[in-house]
Amino acid sequence: MENFKSQSFWEQKVGLVNLQKPTIVKSGSSITEAVRLMQKMKVGCVLVEDVAGSILGIVTDGDLMHDFVGSTLSGDASIDKMMNEEITMVDKTATVTEAVELFYFNKFRHIPVIDGNKKVIGILSVRGLMN
């Protein structure tokens, strides 16, 4: 295992920094259910998965503010109508610098972190990097 303290923060692997535990809702869950779970877990995003456990999309607090509030969607509508299916993920071996570049150039604040088997092991957030 790499020595965490011997490298600069920017060279650290994202798998070694402060990751949030992934918060997951099932496809077909209501928007209200997803929001309540986000509030309960105090997180800024949820991943949407199918019955087999495959990740289908992501919904962030920004998505809710920009796409749900003031829309004609009901809170009972499926979270699938809100989710972003184009998910940028980062491997746990990527550096903090690489992750920050993804945040900056893609204008988002949450990135699922995956292991070598493409399994989500955590969520890297801009806020988590600052803590």
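In what order do the 3 strands of the open sheet stand? The order is β4-β5-β6, with mixed pairing. Strands pair if DSSP finds at least two bridges between them. β4 (90-91) and β6 stand at the edges with a single partner strand each, so one side of each has no neighbour in the sheet. Helix α3 (residues 96-106) packs on this sheet and touches β4, β5 and β6. Contact means heavy atoms within 4.5 Å. The direction of α3 makes about 140° with that of β5; axes are lines fitted to C-alpha atoms, for helices over the stretch in contact, and angles run from 0 to 180 degrees between N-to-C directions.

The model is predicted: local features need pLDDT of at least 70, side-chain atom pairs count only at pLDDT 80 or more, and totals for chains, interfaces and linings use all residues. Residues are numbered from 1 along each chain as its sequence is written, and side-chain values use heavy atoms, without hydrogens and water.

Now look at β5 and β6. Strand β5 (residues 110-114) runs antiparallel to β6, joined by 5 bridges. P112 stands opposite I123 in β6. The hairpin has 5 residues between the strands, and K118 takes a positive phi near 70° there. In β6 (residues 120-125), 5 of the 6 residues are buried, so the strand is largely enclosed by the rest of the structure. Buried means under 20% relative accessible area (1.4 Å probe, protein chains only).

Step back to the protein chain. It has 4 helices and 6 strands. Helices (H or I, at least four residues) and strands (E, at least two) are DSSP runs, numbered from the N terminus. Of the 131 residues, 38% count as buried.

Methods
Buried means under 20% relative accessible area, exposed over 50%, partly exposed in between (1.4 Å probe, protein chains only).
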